Each structure stands twice: as C-alpha cells, then as structure tokens.
Amino acid sequence: MLAPVSTPPTDPVAEQLQAIRADLERMSAHLGELVAENRSLRAELAASQAARSDLVAQAEQLIHMLELSRKELRGLKDGG
C-alpha cells in the first residue's frame, strides 16, 4: 500500500499565474466571439449597402420612366 501523499503548500505566485491564465483564456474566447460577430456585421453591412445601391438605381430608373411618360402624355395632349 502506498503512503499517503501530502498536498504541497499552495504557492501564491502560482495561484496568481493560474488566475491570470484563466482570465486570458476567457478574454481570448470573448475576443474570438467579437471577431466573429464583427465579421458577420460587416457582411450584413455590405449586403445592406448593395441592396441600397440597387434600390437607388431602381428609383432613378422609375423617375426616368415617369419623365418619359409625362413627355409622351403631353405630346398626345398637344397633338390630339
């Protein structure tokens, strides 16, 4: 049978280093989450900007078509 092994006294410096390491691991994990969220938000922003540009182009096309329709209508009124 083995003799009981006593637990060595805790070293305060070692405990502090372990606490710092645990804090760093938590911060690293949180930073990873923030990086992923940032990447996702940038992708959403890019998609939103593309959609906005598309809507602006469509609105400009509609305005142009309305202008042509008004000119055509005026021509029909004046000629008819």
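Me: Where is Leu 24 found?
Reply: Leu 24 sits in helix H1. Helices here are DSSP runs of H or I with at least four residues, strands are runs of E with at least two, and they're numbered from the N terminus. This is a predicted model, where local features need pLDDT of at least 70, side-chain atom pairs count only at pLDDT 80 or more, and totals for chains, interfaces and linings use all residues. Residues are numbered from 1 along each chain as its sequence is written, and side-chain values use heavy atoms, leaving out hydrogens and water.

Me: Is Leu 24 buried or exposed?
Reply: Leu 24 is exposed, because its relative accessible area is 52%. Exposed means over 50%, buried under 20%, and partly exposed in between (1.4 Å probe, protein chains only).

Me: And what about Glu 37, which helix is that in?
Reply: Glu 37 also belongs to helix H1, which covers residues 12–79. With a relative accessible area of 46%, Glu 37 counts as partly exposed.

Me: How many helices and strands are there in the protein chain?
Reply: One helix and zero strands.

Me: OK, what share of the chain is buried?
Reply: 0% of the 80 residues.

Me: New topic: what's the radius of gyration of the chain?
Reply: The protein chain has 35 Å, while a compact globule of 80 residues would be near 12 Å. That's taken over C-alpha atoms, and the globule rule is 2.2 Å times the number of residues to the power 0.38.

Me: What box do the C-alpha atoms fill?
Reply: Roughly 115 × 30 × 10 Å, along the principal axes.
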